[in-house]
Amino acid sequence: MTSNETPALRTLTPEKLPRSFRFILATTAAEGFGDAMARTLMPLLAVTVLGYGTGFVGVINSIGLGAFLLLGMPIGMLIDRLRDRRRAMGAASLARFLALGILAATFFAGWLSGPVVVGVAVVIGMADVVFTTAQGPVIQGIVPKEGLKLAYSRMTITDQSAGTTASAIGSAMLGLWGLPGLLWLAISSYAVSFLLQRGIPPKVASSNLNRRERRKFSDGFRTLRRNPALWSLTISSALVNAGVMLGNTVLPVFLLRDLGIAPAFFAALGIVSAVGAILGAAVAPRLSAKLGLRILRTAAALLSMPAVAMAIACQQLPGHELIWLAAQSMSWSFLVAIASVAGAEVLPRAIPAETLASVGSAQRTITLGVMPVAALLGGVLAVFTGPVLLLWIWALLAGCAALPIICTAELDAYR
């Protein structure tokens, strides 16, 4: 390390992450792998085995976001009362393991039905809320504040890599062993996650809140609103997520129907997107240390507009349209990953351990709750206007995400 290296960069060295954090990374990989398998498996069972259509698949896919919207706050308040939040993570992994075990049993016994699939999707969605909510306080308990940015960067890289690996292995497994192979892979992933969590040291967090205060649903939102840095990041992320859902809703239609892109190339764009996300998560800590959080998040939001525009204008730009679509997928995911990692450490640094779960749940209720609303409104609007207008709205929302960031001077304290 040279003598002229800035203190901000020095805090990002791997030595700041304790050895026990490896178990968090490992369980993140196992959970990400299992989640990717489950997201692939459930629609396949609904369509190929039970013969349901897109309406039923839409219900299954919306259950996860609905769980965060409806159950995030009560689960966050409950986890704030726990002294060992690691147990909540273990219970969530065990619940998903058992739910998929029941799904496998009904599949092999010939008793699989729509209600069974929906019930399993509900359990998986609720368990995801519990695991995600408990994970934040657990990380805060073992990682020092100066290492949080690097910790969340590595977690994002691990999660993206696990999802990409799961997609590749899942495709191969589907061709070799069919749906039973996917089932056993998903079940095994959650079992491995549960076992790996034994290596995470329990951290006792005392609570200074009285019972009356802990029963207030509005406390998390009120705390979030009183912190300018957290509030600006929350609104910015909500705008980005609304754009993401508009893109996820209309981009497949635009590419597959209007542009005539082959399904194989469309699937390949997903891999390109994952690579961009991994790269963005990897460089975010150093860029944030060098530029500062406010400048980096503002730049990422503004650059997202031309990134989306590449998909809209891919036929007018020189060269093959797939080149521009690939560039759009990678650059968009790269910038979104930077925005996700740069600022992820603000919440655990600004909020004490005893209220972190409920405040984090309030933040996710806003940032994730906007997504199903945007998807619903975008789908309806696209019926009347076509997908191109929605793509421009997506670009506009991505750019508007810079406004709350650039207007918040308190973010200058974070690098």
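Does Asp80 count as buried or exposed? Asp80 counts as buried, because its relative accessibility is 5%, where buried stands for under 20% relative accessible area, exposed for over 50% and partly exposed for what lies in between, with a 1.4 Å probe and protein chains only. This is a predicted model, in which local features need pLDDT of at least 70 and side-chain atom pairs count only at pLDDT 80 or more, while totals for chains, interfaces and linings use all residues. Residues are numbered from 1 along each chain as its sequence is written, and side-chain values use heavy atoms, with hydrogens and water left out.

The side chain of Asp80 meets that of Arg85 in a salt bridge, at 3.8 Å from N to O, a salt bridge being a side-chain nitrogen of Lys or Arg within 4 Å of a carboxyl oxygen of Asp or Glu. Arg85 is likewise buried, with a relative accessible area of 5%. The whole structure holds 7 salt bridges, and one of them joins Arg294 to Asp412, with the closest N and O atoms 2.8 Å apart. Because Arg294 lies in helix H11 and Asp412 in the segment after helix H16 (402-406), this pair ties together parts that are 118 residues apart in sequence; helices here are DSSP runs of H or I with at least four residues, numbered from the N terminus.

Helix H11 (residues 293-312) also holds Arg297, which is buried yet has no salt bridge, the nearest side chain of opposite charge being that of Glu345, 7.8 Å away. The side chain of Arg297 does reach the backbone oxygen of Ala342, at 3.1 Å.

Arg297 is also among the residues that line the largest cavity, together with others including Ser236, Trp332 and Ala398. A cavity is a set of points on a 1 Å grid over the protein atoms alone where a 1.4 Å probe fits but cannot get out, and lining residues have an atom within 4 Å of a point. The structure holds 1 cavity of 30 Å³ or more, and about 70 Å³ of space lies in the largest cavity. Helix H9 (228-258), H11 and helix H12 (321-341) each supply at least two residues of its lining.

Technical notes. Lys, Arg positive; Asp, Glu negative; His and termini not counted. Polar contact = N/O pair within 3.5 Å; in protein donor to acceptor, adjacent residues only side chain to side chain. 1 Å grid on protein atoms, 1.4 Å probe; cavity = no way out; pocket = protein on both sides within 12 Å on 5 of 7 lines; lining within 4 Å. Points joined across faces, edges and corners; volume = space filled by probe spheres on them.
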